[in-house]
Amino acid sequence: MLHLNHLRLGARRLPSRLMSTKFTSVEINDKTGVAILTLCRPPVNSQNAQMLRDIKSSIDEIENNKSKGLIITSASSKVFSAGLDISEMYKADKEKLSTLWTELQNVWVALYGSSLPTAAAINGHAPAGGCLLGVACEYRAMLPKCVIGLNETQLGIIAPEWLVFGYLNILPPRVAERALTQGRLFTTEEALKEGLIDEIVNSKDEALEKCQNFIESFDKVNSVARSLTKMQFRAANIKEFEKNRQKDVDDFVSLASRPEVQKIMGDYLDKNKSKK
Ligand code: CO8
């Protein structure tokens with residue numbers, strides 16, 4: 001979120017260093033001032049409550065370090081993030097579901113409302129909560145032959161309004177409505193055509209380079225003016241989200257607890273077990 005202490009100009013940046021949590025690492029390049037937040041929860045960066053807490057604290061760390069920008073990427077060579085951890089939602093009690101959703105909300109609002117330029121180097125598949133991380137950023141570069149999108153309706157849950165508005169920052173309403181109601185996953189090539197991503201790249205290095213170029217495109221722009229302008233596009237959505245935080249948690253808990261949704265999750269986990 002844009003706080004007054006982020007607006008102080010000329011604050012000194014700490015020396016380059018690596019920080020890590022259990023499921024993330026953060027590398028701040030001393031020369032460029034750009035921070036790379038890497039998701040590292042093998043095999044698919046599925047988001048359990050601890051991982052979401054780690055992502056949030058890494059974002060906070062990057063904001064507090066006065067980095068020039070934030071790039072989010074994955075340590076996996078195939079998957080950016082598979083979204084919420086289905087095994088964490090399956091047969092979970094209401095308290096566990098509520099915690100998971102609250103942590104997801106915290107990540108979203110920290111990334112979507114970041115005062116920094118944010119970019120996603122999407123070096124693998126990005127369904128559901130993986131797509132959410134990309135959508136919260138301002139720029140997306142993605143590897144070919146992957147999928148990205150909000151497929152929640154296929155699981156019997158729905159993308160919340162705050163995320164729908166995030167989609168609408170990027171996609172034309174007609175495309176967003178159809179994709180959300182279908183639970184559509186776009187291929188990389190389709191995502192570029194519709195504007196869901198900005199660029200197709202051939203390697204993770206190229207994705208990082210494009211993200212860095214995006215962040216450096218603001219070098220000559222006053223950072224306070226930039227952040228305030230970004231918030232003109234995002235503040236209303238964040239305000240509405242904050243007003244409805246608890247209802248949003250309750251809605252998710254109630255949807256995710258429905259027997260038919262639990263069955264979809266159980267079937268998914270069983271299908272993978274039976275492949276072995
Ligand atoms: N949660 C838990 N485990 C998972 C998940 C997941 N989301 N995704 C994959 N896994 C597990 C698999 O079960 C498998 O486990 P095991 O090794 O024990 O068999 C392992 O990870 C590897 O998976 P795959 O073999 O499928 O790996 P691939 O590289 O072939 O495919 C994919 C990667 C494309 C990411 C694929 O795994 C996939 O499609 N996963 C499911 C993605 C999905 O539907 N996620 C939805 C989660 S719900 C959510 O995020 C809601 C987000 C918030 C939005 C608002 C809505 C309410």
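Because the model is predicted, local features need pLDDT of at least 70 and side-chain atom pairs count only at pLDDT 80 or more, while totals for chains, interfaces and linings use all residues; side-chain values use heavy atoms, with hydrogens and water left out.

**Stop 1: the ligand and its shell**

Select the ligand and show the 29 residues around it; Leu84, Ile86, Glu152, Ile158 and Asn272 come nearest. Here a residue counts as near if one of its heavy atoms lies within 4 Å of the molecule. Colour this shell by class and you will find 18 nonpolar, six polar and five charged residues. In this scheme Ala, Val, Leu, Ile, Met, Phe, Trp, Tyr, Cys and Pro are nonpolar, Asp, Glu, Lys and Arg are charged, and the others, Gly among them, are polar.

H2 (86-89), H3 (94-112), H5 (152-155) and H12 (259-274) each supply at least two shell residues.

**Stop 2: polar contacts**

Now look for pairs of N or O atoms within 3.5 Å. A ligand nitrogen is 2.7 Å from a polar backbone atom of Ile86, and a ligand nitrogen is 2.9 Å from a polar backbone atom of Ala82. On Lys78, pick the side chain: one of its N or O atoms is 3.4 Å from a ligand oxygen.

**Stop 3: the pocket**

Hide the ligand; the space it takes is the largest pocket. A pocket is found on a 1 Å grid over the protein atoms alone, as an open set of points where a 1.4 Å probe fits, with protein on both sides within 12 Å along at least five of seven lines; lining residues have an atom within 4 Å of a point. A molecule sits in it if more than half of its atoms lie within 2 Å of its grid points. Of the 38 lining residues, Val44, Ala82, Leu84, Ile86 and Tyr268 are closest to the centre. H12 gives the most to the lining, with five residues.

**Stop 4: two backbone spots**

Go to Pro42 and Pro43, which are joined by a cis peptide bond with omega of about 5 degrees. Finish at Lys91, in the loop between H2 and H3: this residue is not a glycine, yet its phi is positive, about 55 degrees.

Methods:
Residues are numbered from 1 along each chain as its sequence is written. A polar contact is a pair of N or O atoms within 3.5 Å; within protein, one must be able to donate a hydrogen and the other to accept it, and residues adjacent in sequence count only if both atoms are side-chain atoms. Helices (H or I, at least four residues) and strands (E, at least two) are DSSP runs, numbered from the N terminus.
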